[in-house]
Amino acid sequence: MNYKKVYASWLADKRLNAEAREELENIKNDNGEIEYRFGAGLEFGTAGMRGIIGYGTNMMNVYTVKRATQGLAEFIKQLGADAVKRGVAISYDTRRKSEEFADAAAEVLAANGITAYKFDEVHPVPMLSFAVRELKTIAGIMITASHNPKQYNGYKVYGEDGAQMSPEDTAAVVKYIDATEDYLGAPSPTLEQAKRLIKPVPAKVDKKYYKELKKLALSKKAVKKCGKDLKLVYTPVHGSGYIPVTTILKKIGINATVVPEQTAKDTEFSTVEVPNPEFKETLAMGIALAQKTGATVVFGTDPDSDRLGVAVKNRDGEFEALSGNQVGILLLDYILTRLKEDGTLPANAAVVKSFVTTGMAKPICQKFGVELFETPVGFKFIGEKIKLWEKDKSYTYVFGFEESCGYLRGTHARDKDAVVASMLCAEMVCYYAYVGKTVYQRLQEIYSEYGYVSDCNVSIPFKGLNAMKEMNAVVDSLKTNPVKEFDIYKVASIRDYSKNLKTDAQTGAVSEIGSPLTNCVYYELVTGSFICVRPSGTEPKLKIYYSVKANNKADAEDALAKMQAAVEKLLKA
């Protein structure tokens, strides 16, 4: 792609809007910026598109959104008249230009004769997933960049099952997108098409969503006794979780204190550095309010409310931000405990986690006699397990989670759901208060029972037009350099997920993993720990995951430091 010619062609095109023209004129003397914006097309992968907001072929803007939607429309039309009639559900979060992009997508669909059901207000990912299933649409579109910094936005596509679109269907959509060379040529609907085919999502969809969530409550007696006294602080971090999280908590009998400054739909997320509840800093205002009000737990959700961050008071009375892995094992332990106590744990119960998520899940599932399955990173793979088991009845889905603060109980949605996770965490606090302990105490009991596991992930940022290629090249280089040990910790086996192969480090024996393909190298250590290296699918970062098993916290931290130093040395080499 000759980026200078493409840049010039955009500026010469009379269809270019005034905002775009001014922005692009302002970079006419910045060759590096022109190359970044026009040296490639914004990649549409299995997680859709995500990029910096701005004009150009490699940016998130109304033209790249319309082009992607036209590709989706062509895919839907070849499925037949029924698919066209069923239409597409559309939602969006509080980010810059989210509603504008949602409107643009709806207009392109309508211009293609496809019904578009658009929420008339911000709604989170899980409610979009639920709406796809409830309205029986052929697909769904979510405008969001999840937890990314404020300058990003994105475009995620969902299949008719409510999960993010399968790799096979995504590949088909991408072919249609790539065939559309004219970025500014997406059709606009007539007034008649817009009026007839762009419809609001019915209000009853929200009501049914809350009704489904209430069915998943596990500790009604504990909530009834302790809920009114529970002091809980919640922050939506300026995102779409405000209404749904406070609504479901109120419906089960828990009133949360909300951080008032962070309820506003602020596109700049001006009270935080990044709107990612994985970080304690993002929960800082919630923690300050909790200290002032005497609350014992703080919740925070990201802009599209599919991730939940939690902070609890430790034994010293200080707030400690729990990792996504820690919240995941607490919820897993709580859910299985309550189902077993009530005699409702299915005989064929199954739990699903991504393979980079804590190794602590395995012994917990073994204790309860529950089957544990691992998938590549991406909640769509957990959604595919749900779909498979609903069809063949081989297992009953109980819970799924990822280390990146994503959790799902129930099958009402097929993506991670911070709304249901907030409800479950709140009632979990009530349950442990009911039996005379705190959530933090239960976490320590879990470590005492199963052994200590320290989970950590490190992100190495990459920059520039070739960031994704460079990250993948790093991972590819590891595949050709078999590692026998990390410091004093010997490797038991190496998994190459790009080839679906596992190699025994001692014998060299090779076996199949039985997993969808993804570019990732995973080292199983003889201690039961693991190290995993993969490129992020949503931002230019190389991600390194550590799950370190040890006798206690001090030993785990010592082992983690040695492993990290060994990995750093390996990457430099």
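On a 1 Å grid over the protein atoms alone, a cavity is a set of points where a 1.4 Å probe fits but cannot get out; a pocket is an open set with protein on both sides within 12 Å along at least five of seven lines, and lining residues have an atom within 4 Å of a point. Grid points are joined across faces, edges and corners, and a volume is the space filled by probe spheres set on the points. The structure is a predicted model, in which local features need pLDDT of at least 70 and side-chain atom pairs count only at pLDDT 80 or more, while totals for chains, interfaces and linings use all residues. Residues are numbered from 1 along each chain as its sequence is written, and side-chain values use heavy atoms, with hydrogens and water left out.

By this rule there is one cavity of 30 Å³ or more. The largest cavity has a volume of about 40 Å³. Its lining consists of Val297, Phe299, Val310, Val312, Leu322, Val327, Leu330, Cys425, Met428, Val429 and Val439. Strand 9 (297-301), strand 10 (308-313), helix 14 (324-341) and helix 17 (418-434) each give two or more residues to this lining; helices (H or I, at least four residues) and strands (E, at least two) are DSSP runs, numbered from the N terminus. Helix 17 has the largest share, three residues. By class, the lining has 11 nonpolar, no polar and no charged residues. Here Ala, Val, Leu, Ile, Met, Phe, Trp, Tyr, Cys and Pro count as nonpolar, Asp, Glu, Lys and Arg as charged, and the others, Gly among them, as polar.

Helix 14 is mostly covered, with 16 of its 18 residues buried; buried means under 20% relative accessible area, exposed over 50%, and partly exposed in between (1.4 Å probe, protein chains only). Gly343, whose phi is positive, near 70°, follows helix 14.

Most residues other than glycine have a negative phi. Ser305 is not a glycine, yet its phi is positive, about 50°. Ser305 sits in the loop between strand 9 and strand 10 and counts as buried because its relative accessibility is 0%. Lys393 also is not a glycine and has a positive phi, of about 60°. Lys393 lies in the loop between helix 16 (379-392) and strand 14 (396-402), and its relative accessibility of 60% makes it exposed.

The second largest pocket holds about 570 Å³ of space. Of its 27 lining residues, Gly359, Lys362, Glu374, Tyr522 and Gly528 lie nearest its centre. At least two lining residues come from each of helix 15 (361-368), strand 13 (371-375), strand 18, strand 21 (521-525) and strand 23 (541-550). Helix 15 gives the most, four residues. The lining divides into 12 nonpolar, eight polar and seven charged residues.

Arg495 lies in strand 18 (residues 489-496) and is buried, with a relative accessible area of 10%. Its side chain makes a polar contact with the side chain of Glu374 (3.3 Å). A polar contact is a pair of N or O atoms within 3.5 Å; within protein, one must be able to donate a hydrogen and the other to accept it, and residues adjacent in sequence count only if both atoms are side-chain atoms. Leaving aside neighbours within four places in sequence, Arg495 is in contact (heavy atoms within 4.5 Å) with residues including Phe355, Glu374, Leu501, Tyr522 and Glu524.
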